[in-house]
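User: Please take a close look at one part of this model and keep to what can be computed from its atoms.

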Amino acid sequence: MKKWIKYFYLLFISLIIIAFITQYDEIKKVFYLILKADIKLLILPIIFICFSFLMISMAYKSLLKSIGYDVSLFKFFRLSIVMTSLNSLIPSMGIAGHTAIFHSLKNHHNVEEGKIISTITIYTLALLSSFMSIFFVALIWFLATVKLNIVDLIMTSFIAIFLIIIYLSYLLLKNKNKLLSIIIKIKDLINKIFHAKLTDNPIKKLLSEFYEGSSIINKNKKLFLLPFILMLLKNIGDILSIYFIFLSLRVNANIFIIIFGIAAGVVLSFIT
């Protein structure tokens, strides 16, 4: 077993033990609810969760293959479980989970650092843009069929605006010179404040590798279409898994509330 996987399992088990000790009463309530749940319906969320992992794996495999690297689907399936678990356990804007993918691709498959970053960025863009598609369709339908009070309207607008800002920030990555200028200014500021000695060359090398990987996909937009569709299916799988969890607990959940709840989770994951 690879060393980093051992560390992951150690961290995972440690956090479970800590959660069990500190949240014992809440965990008892969860087990009580599970015992009362409709087992047949509870199987469906598990199927949809596995389906989501499969979609993540296929998206990463297709992106890596488009830039000349072939990694097994099973390897990405395991990595997708590690990535999702780390992102759930450690609030870090998705960095914790993607660190595991970065480490594995760099050390075990000799993928260049910049190309890994471009792959992760394009994957995240496909994930967000596909979810935004679902979110805005749901938002338009919701606004057309349900009367909102002012607080609901403000919160919904805030989530929508935040997702648009995230999307626009990724569009900035397409402008190499502008992005390089911003990063160098940040580097100069760090050097000034902390008296560091960061240089431009490693940044330029990393960006060069990043754009080498992303330019292949930019030249052929069809290469982005498959990850987008896979992430669309992944997001639908996530929504349905939560929906059927509620149904298994005999709670009639509104599908729109679930979508807005996931959107709120996306916002919180980027600010915590």
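With which residue does Asp238 form a salt bridge, and how far apart are the closest N and O atoms?

Analyst: Asp238 forms a salt bridge with Lys234, with 2.7 Å between the closest N and O atoms; the term requires a side-chain nitrogen of Lys or Arg within 4 Å of a carboxyl oxygen of Asp or Glu. The two residues are 4 apart in helix H10, so about one helical turn separates them. Lys234 counts as buried at 13% relative accessibility (buried is under 20% relative accessible area, exposed over 50%, partly exposed in between, with a 1.4 Å probe and protein chains only).

The model is predicted: local features need pLDDT of at least 70, side-chain atom pairs count only at pLDDT 80 or more, and totals for chains, interfaces and linings use all residues. Residues are numbered from 1 along each chain as its sequence is written, and side-chain values use heavy atoms, leaving out hydrogens and water. The mean pLDDT (the predictor's confidence in each residue, from 0 to 100) of the protein chain is 76.

Leaving aside residues up to four places away in sequence, Met231 touches Met55, Ile56, Ala59, Tyr123, Ala126, Leu127 and Ser130 (contact means heavy atoms within 4.5 Å).

The count of salt bridges comes to 5. Another one joins Asp70 and Lys61 at 2.8 Å, N to O; Asp70 is exposed, at 61% relative accessible area, and Lys61 is partly exposed, at 22%.
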